[in-house]
Amino acid sequence: SSGINAEWPLRPGEFDEEGLDFSTPWRNSYEMSRANIAQKLNILHPSMQTILNLSQKYVSTLLIDCSHLRKQGPIDAENMKNNVILDCEKNEEKLMNSWFHEVVNI
């Protein structure tokens with residue numbers, strides 16, 4: 001093989017038939033692409049960043065804590081299931097009364 005490969009992506013050490021094109025500056029193309037990504041990539045949108053921060057603030061403290069179940073001693077699966085469901089419902093209510101209202105107001 002001559003080391004020439006017209007298909008992308010190229011592997012390290014390979015060159016396409018035309019080689020690298022340095023005839024025009026890359027900075028303008030880079031800035032246009034960056035602006036396009038920032039405009040269209042939703043996670044970069046300020047409202048999505050705000051929602052992400054709110055989610056980390058509220059959800060990180062609302063995970064199901066099963067330590068209180070261990071303190072009860074041995075319990076059967078049905079009781080454990082009911083306790084976890086109750087915890088989930090309480091956490092859902094907390095989220096709906098706090099996080100959700102803040103997200104709606106963004």
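How many salt bridges does the count come to by the rule that a side-chain nitrogen of Lys or Arg lies within 4 Å of a carboxyl oxygen of Asp or Glu? The count comes to one salt bridge, and the pair concerned is described below together with the overall architecture and several local features. The structure is a predicted model, in which local features need pLDDT of at least 70 and side-chain atom pairs count only at pLDDT 80 or more, whereas totals for chains, interfaces and linings use all residues. Residues are numbered from 1 along each chain as its sequence is written, and side-chain values use heavy atoms, with hydrogens and water left out.

The protein contains five helices and zero strands, where helices (H or I, at least four residues) and strands (E, at least two) are DSSP runs numbered from the N terminus. From that terminus on, the order of elements is α-α-α-α-α. Of the 106 residues, 10% are buried, buried meaning under 20% relative accessible area, exposed over 50%, and partly exposed in between (1.4 Å probe, protein chains only). The accessible surface comes to about 9,300 Å², with 58% belonging to carbon and sulfur atoms; accessible areas come from the Shrake-Rupley method with a 1.4 Å probe, and for residues only the protein chains shown count as cover. Among contacts (heavy atoms within 4.5 Å) between residues at least 6 apart in sequence, 46% join residues at least 24 apart.

The salt bridge links the side chains of Arg27 and Glu31, with an N to O distance of 3.1 Å. Both residues belong to helix H1, where they are four residues apart, about one turn of the helix. Arg27 counts as partly exposed because its relative accessible area is 46%, and Glu31 is likewise assigned as partly exposed, with a value of 32%.

A contrasting case is provided by Asp87 in helix H4 (residues 77-97). Asp87 is buried yet has no salt bridge, and the nearest side chain of opposite charge, that of Lys90, is 4.6 Å away; for this assignment Lys and Arg count as positive and Asp and Glu as negative, while His and the chain ends are not counted. When neighbours within four places in sequence are left aside, Asp87 is in contact with Ile64, Asp65 and His68. Helix H4 also holds Cys88, which is partly exposed at a relative accessible area of 38%. The C-alpha atoms of Cys88 and Ile64 are 7.1 Å apart in space, although the two residues are 24 apart in sequence.

On the surface, Ile37, Leu41, Ile43, Leu44, Met48 and Leu52 form a nonpolar patch with about 490 Å² of accessible area together. Patches are made of residues with over 30% relative accessible area and no salt bridge, like charges being joined within 9 Å and nonpolar side chains (Val, Leu, Ile, Met, Phe, Trp, Tyr) within 5 Å.

Helix H2 includes Thr50, which is partly exposed with a relative accessible area of 35%. A polar atom of the Thr50 side chain lies 2.9 Å from the backbone oxygen of Pro46. Thr50 and Val103 are 53 residues apart in sequence, and their C-alpha atoms are 8.4 Å apart in space. Ile106, located in the segment after helix H5 (99-104), touches Ser47, Thr50, Ile51 and Leu54 when residues up to four places away in sequence are not counted. Between Ile106 and Ile51, 55 residues apart along the chain, the C-alpha separation is 8.1 Å. Ile106 itself counts as partly exposed because its relative accessibility is 44%.

Note on methods
A polar contact is a pair of N or O atoms within 3.5 Å; within protein, one must be able to donate a hydrogen and the other to accept it, and residues adjacent in sequence count only if both atoms are side-chain atoms.
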